Structure formats: structure tokens, C-alpha cells
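Subject: Handover of a structure and the findings on it

Dear colleague,

Please find below the structure that I am handing over to you.

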Amino acid sequence: MHLLIRQARVVAPGSEFHDQIVDLLIQDGIIINIGKDITAPDARLLEAEGLCVSPGFVDVFADYREPGFEHKETIASGLDCAAVGGFTHVLVAPNTHPATTSKAAVQYLLKKAHGHAVSLHPLGAVTRDIEGKALAEMMDMHGNGAIAFTDGWKPVQNSNLMLKALEYLNAFEGTVIQIPADAALSEGGLMHEGPVSTRLGMAGIPVLAETILLHRDIELLRYTGSHLHVTGISSAAGVDMIRRAKAEGLNITCSVTPYHLALNDEVLTTYNSHYKVNPPIRSEADRQALVAGLADGTIDCIASHHRPQEWDAKAKEFEYASDGMNVQEMAFSIAYDAVNGAVPLERLIDAIAVRPRQILGLPGGGISAQAQADICIFVTGTQNTVERPRSLSANNPFIGKSFSTRVLGIVNNGKYTIN
Amino acid sequence: MSLSVKHLLGIKELQPQDIELIFRTADTFKQVLQRQIKKVPALRDTTIANVFFENSTRTRISFELAQKRLSADTINFAASSSSVSKGETLIDTVNNILAMKVDMVVMRHSASGAPWFLANHIDASIINAGDGTNEHPTQALLDAFSIRERLGEVKGKRVAIIGDIMHSRVALSNIYCLNKLGAEVMVAGPPTLIPKHIQDLGVKVEYDVKKALEWADVANVLRIQLERQHKPLFSTLREYALYYGINKSMLDSLNKEMVIMHPGPINRGVEINSDVADSKQSIILDQVENGVAIRMAVIYLLSGKGEIVE
């Protein structure tokens, strides 16, 4: 299996070939040559206007719904989405049924994903069965391949339990991942609390729900000295708090979803349940602060927060519809167009491919000859729409929308997939 | 002239001239309602379903009466006695009704935006009879119509809406309607029952009911929903009645004869005292009467028959 990528711009901040236009020859999953005018008559040829090669993308938070909700997404269909989206590594949320709360569950996920071009990294639950009552066997899950720990969509509310979780993980320098959402302040809320929610007569989720939990977690972090990764940051105030905590030297990192970068709460005006997500899509000022936070590095990474829901779960009254958006396949394209002009491509690739590896200790992140290929191939400056997503679900308002980038494929684990 | 909308989802979507057209049409129907035979044959060819996913007595009766006065055929559907309790979805429920050749749906629902959702999935015209904490457009129309009837016009009048603004679809629809007609609007009540961003809708906010009454020409007093007591929004009904309830001595101290409204049902002795509700300043029963004429007008205009020309 030969693959020749011709005349591609390398976007790999920190790598030798960064920002050069080169040919890359890949054989059996290894980049055997990088240079000018490489010829390989037997190789499958990839060339296109605006072609780029970067390290494979890393999705810090995606929900594949298996076991328990296989009609929404399976591990196989989810990993296919990831490949289409340019991801070579995916951290998978523990909110399955049963939850990823034991060694057996971690092993199940790894076994299911084995042999795929995309590497799956299970996120273990912080609390047993994600009930928020007692610590899960994080040490044992870590020993069997859980990459970090989170209660996912049900962030840890009990302060003492969160404190103990952060302390407990210091034994192996583990990471807690938390969506900053205070349950009591979010209760009953359907969208961002602001002028738009007032206009629409919908119960709001105040920014306070984010900042209160974030404030608590930062205080706990200051006390324990552990590593906290905040995902799904949604507000300007939240970004400011992260910025200050980083300036203070705390080991805190964070990620943002593509849809929080792209959308503001005006999209809720027609009560379209595709836009029902948690944390909610916030105001335009918040959105701009997220873009600025991504530009200056306060926001380290992009996390898709991929959350597939079947048609029936969304084709309901807004209040009764399930939350979540199914965007992993388009995560890069959505983010690219959302921040175009405000965040250079180099920083975007850093956020989606390089920083997550540094934060989580994953291999790869560069592009060099005689190394395992762990790359994403994409084009910029194109016109592209996705009509039929690979996912089993279609709860995605970006279907049919036009993007200016397109992921062509990935190479990883000795395999390649070309879209 | 006809309405600029196919459905009545909310006042939000109406143009001021839509509201004027509804009022002109309601004037005609109100005259019909004074006659010996209170009925016109206009909608003999129309079948209307009243689909109520939330309890309602007066709104449902008012709609049904309006439909009968227009000679429409009607069917009533209440969620508690229906397949909804067996888990049927909203789309299925309504499509099943429409399959029986129904032309128009009047729906009340506990979820904000439910009529929008329905409008995106079915062909029939929809009239929102109240959705969650969003809108109750026919109530706002009949309220403004009643103000117009009592005070001659709505433009320039000062209307205070008093009570639980946060959970009230009547408040939101009234704010939209009164703004579009050129009235000034103030909301008053406990701070926990007033949405934080309500000023963005162009209304004044007042926490002191006495001051609101001093400012206003009209007070629209909202019902305190008794179940809200169990949430941490206010302390007790007793305290609410003492500090936010409207009583006769308050009105008498104002040196003006202001108009008192209430969308009903009234909690006497809580948000309003009997000596106010039953006073000659109160137009509460006029509101109820006008409700039928307004709903006749809305149904008639949405049926696409065009403006009544006399």
C-alpha cells in the first residue's frame, strides 16, 4: 500500500517541514519519504488545489453511545465519523449504559475499536456508575487504558467528591475532564439566559451555571495541584476565569466545541431542537470571546462534543427533545469557517492536533520522515457540503451547509481512509 | 386585506396592521354576538380541532364557542384522556387528527415553541392557545381589544402588568401586542418573578406595585400559580397578597379611575381582592366576552376567507 501526497502544505507547528510545500510518500503506514518531486508509479496519488497535511486530529470529547444506545451510534460508526472528520484519536465519553466505570468497560471499548484507523481512548467515569456518589475505580481503569476521567454530561456536583477525585488522580498524574455546568443553576433551563431566551419565552441557563462550577473547580485545583481539563466552555466570563487561572500557574487546560465557536443564541429563534445542546449556545459576545480565547491559546483544544440522537429523540417539542449535536465529521470544517480570519490555520491545527497530544501525553503531533504516519489530509479554499453524514444519526444543523475546507482522509495505525 | 401569516403562533410574528385587521373583524363579530341569532354561516365548510395538552377551561370554551358561532365543525382533544398518555408523539397525534380532514388546529401545550414545531411538520393552520412560558396570542389580542373598547385607543396608554412575569405567556404576548400598538408597558412584581433581561423588550420594571399603579392607566393583574409556591421564588401566598396583591384602598388612594384587568382564573384574596375584581373599574368580564369575538376574528381570517366588507 503506497500513498503519494503531492504538493501539500505541511501544517505541523513545531515540526521540521512546517509551512513547506512537499511531497510525502507513505508505505504501510510509515512516511518513508518527504521531499520535492517524489515519484512512485505504483502509489495511489493524492493531489489537489489547496492540499494540506497535518498531524491527525484529536477529539478530546465525543460520545459514541455504545453500549446501550446503539441505535444512535456505535463504536464502529462513530470511529468512521472520526475518520471522515480527520481525527486519528478520539476520547470517548463514559455516558453509556452501562457507563464506563470499570476495567471491564474500558477493555470492552478498546476491544471494539481494535484494528480501526482511528485510535479510541476511553474516558473513565469519576464516580461509580456516574451517580455522583462515590469514586469509581479510576486507578484500575487507568491501568487498563482509560486516558482521563470525567462524568461527562453529568459533571461532578459534590464538592467533596470532586476534591477527592482530583487528589486521587495525583497518584498517577491523571486528568479530570469536567463540563462546567452547575446542575441546580441549570435545572429546567433550555437555552442561554439572555435577551433571546426572554423574547422566546424559554427558561434560561445563566452564565452563572458555568462560572460558579468553574470557580469551585479552580479553587479545588489550587488546593490539590492536580490537572483539570475543562471542556465545552461556553461563555466570555468562563474564558476569563481560565485565562486568570493559567496566569496564576494552575495546571488547567480547556477545550471548546466547534458549534460554540460558530453559533450564537439567535439560532434558537425558530425553536429548532438541533440547537438544543448543553452547555447552551450563548450570546454573540460570548462566541467572540471563545474565538479570541482560541486565538490567544487560553482555549487549548477543540472538542467535538459529538452527541448523536436518533430522529425521534429530536423531532419533539424543544423542551422534550434530547440535547446534543452530531458534528464530529464536520468539526474541523465548522471551526475553520467560524474562526477564519481571527485564528490562523496554524493555531487551529495546534488546537485540534498538537495541544491535545501534549495535554494527554499521546504520541505523534509532528510530521517527519521514517516515522509512523498519524496524519490528516485536507484541502482549503474549496466549496463543500455534506448531505449524507456517516453517523447513524442526523441531529446536525450543518448538514447541507457550505464549508470552505474538506478533509480528504487520514493515515493512522498503518491504515488509511480516503473520503 | 388578509393577515401576513398563515398561523397565529405568537404576537411576535404579527405586523401592527395584522392586529388592526383582527380588531376590525372582531368589531363586526362583536355586533353579531349582540343579535338574537348569534351565528354566521361563514365557516360551514371548515373543521377545527381543539387540541389541548394542558388543562384549560375558559380558553377552550371560548375557542369552541367562537367556532360554533362561525358554524365550523369542531372536535375536542384533551391529552389526559388520549393516546398521549400511551406515549404517542405530538406529530403522530396531530397527523392522526388531520388524516380525518381537519382544516385548522387550535393547540395549547406546556412546552414553549411547540406550535412552531408543529407548524414545521404539518400543513394545517395552527392557532396557538398558549405554549409554555412563551405566548398566548389570543389573550393578548382580547386584552388590547378590551383596552381599546374602554379607553378609545391603545396607543399612548400606560399598561402595568403585575405578578408572575417570568412564567407568564400572557405577559409576554401582552408586551409584544401593546408595544406594536404604541402603548407603554411596565412589568411589576417580586424580582424573582421578573426575567432578568425583560427590559430588552422595551418595558419598564418596577418592584413596588403601588408605584406601578400610580404610573399606569391600566393594570393587568396576572394569576399567581399556586404550584410556584414550592419553588424558591417567593416565600408565602400571605406575604405575596400583602405586598403585591391589589386591593380597593390602594386604588382609592390614587386619585384616578384606572382600569383593572385579569386574564383569569382569579385567586381572590391573593393577587386581587374581590372589592377590586368586582368593582366598576374592572373589565374582567368584558375581556371574557371580547375573547369570543377576537377568536372568531382570528379563526375567520386564518381560514383565508378575506376581510369582511360591509
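Predicted model: local features only at pLDDT ≥ 70, side-chain atom pairs only at ≥ 80, totals over all residues.

Domains of chain A

The domain assignment divides chain A into domain 1, made of 2-52 + 369-418, and domain 2, which covers 56-360. Between the C-alpha centres of these two domains the distance is 26 Å. On the side of domain 1 of chain A, 33 residues take part in the contact, and they meet 50 residues of domain 2 of chain A. The two domains of chain A bury about 3200 Å² between them, and carbon and sulfur atoms account for 60% of that area. Three residues, A:Arg390, A:Asn395 and A:Phe398, contribute 19% of the area that domain 1 of chain A buries against domain 2 of chain A, more than any other three residues.

Domains of chain B

For chain B, the assignment gives domain 1 as 11-135 + 288-303 and domain 2 as 137-285. Their C-alpha centres are 25 Å apart. Domain 1 of chain B brings 32 residues to the contact, and domain 2 of chain B brings 26 residues. About 2500 Å² is buried between the two domains of chain B, with 61% of it from carbon and sulfur atoms.

Contact between the chains

The area buried between chain A and chain B is about 1600 Å², and carbon and sulfur atoms make up 62% of it. Within chain A, the residues that lose the most area to chain B are A:Thr198, A:Tyr271 and A:Glu317, which together supply 35% of what that side buries.

Aromatic rings and charges

A pair of aromatic rings is described by the distance of the centres and the angle of the planes. With ring centres required to lie within 6.5 Å, there are 14 aromatic pairs over all chains. One pair is formed by B:Phe234 and B:Tyr240: the ring centres are 5.6 Å apart and the planes are at 50°, so the pair counts as tilted. Both B:Phe234 and B:Tyr240 are buried. In chain A, ring pairs join A:Phe57, A:Phe87, A:Phe332, A:Tyr336 and A:Phe378 into a cluster. Elsewhere in chain A, A:Arg65 is placed over the face of A:Phe69, 5.1 Å from the ring centre.

Helix H5 of chain B (residues 137-151) has 15 residues and spans 21 Å from its first C-alpha to its last, close to the 21 Å expected at 1.5 Å a residue. Of the 15 residues of H5(B), 11 are buried, and the helix is thus mostly covered. The buried residues of H5(B) include B:Pro137, B:Leu141, B:Phe145 and B:Ile147. After H5(B) comes B:Gly152, with a positive phi near 90°.

B:Asn179 belongs to helix H6 (residues 169-180) of chain B. Its relative accessibility is 29%, so B:Asn179 counts as partly exposed. When neighbours within four places in sequence are left aside, B:Asn179 is in contact with B:Val185, B:Leu201 and B:Gly202. From B:Asn179 to B:Leu201 there are 22 residues in sequence and 8.8 Å in space, C-alpha to C-alpha.

Backbone details

The peptide bond between A:Glu66 and A:Pro67 is cis, with omega about 5°. A:Pro67 sits in the loop between strand S6 (57-62) and helix H1 (75-84) of chain A. In chain B, a cis peptide bond joins B:Gly264 to B:Pro265, and its omega is near -10°. B:Pro265 is in the loop between strand S9 (259-261) and helix H10 (274-277) of chain B.

A:Asp37 is not a glycine, yet its phi is positive, at about 50°. This residue lies in the loop between strand S3 (30-35) and strand S4 (44-46) of chain A. Is A:Asp37 buried or exposed? With 64% relative accessibility, A:Asp37 counts as exposed. A:His305, also a residue other than glycine, has a positive phi near 50°. A:His305 is located in the loop between strand S15 (301-302) and helix H11 (311-314) of chain A. Its relative accessibility is 0%, so A:His305 counts as buried.

Yours sincerely

How values were computed. Residues numbered from 1 in each chain as written. Chains lettered and ligands numbered in written order. Heavy atoms only, no water. Phe/Tyr/Trp six-rings, centres within 6.5 Å; stacked < 30°, edge-to-face > 60°. Buried < 20%, exposed > 50% of the residue type's maximum accessible area, 1.4 Å probe, protein only. Lys NZ or Arg CZ within 6 Å of the ring centre and 35° of its normal. Helix = DSSP H or I, 4+ residues; strand = E, 2+ residues; numbered from the N terminus. Expected span 1.5 Å × (residues − 1). Domains from an automatic or database assignment. Contact = heavy atoms within 4.5 Å. Buried area = accessible area lost by both parts, 1.4 Å probe.
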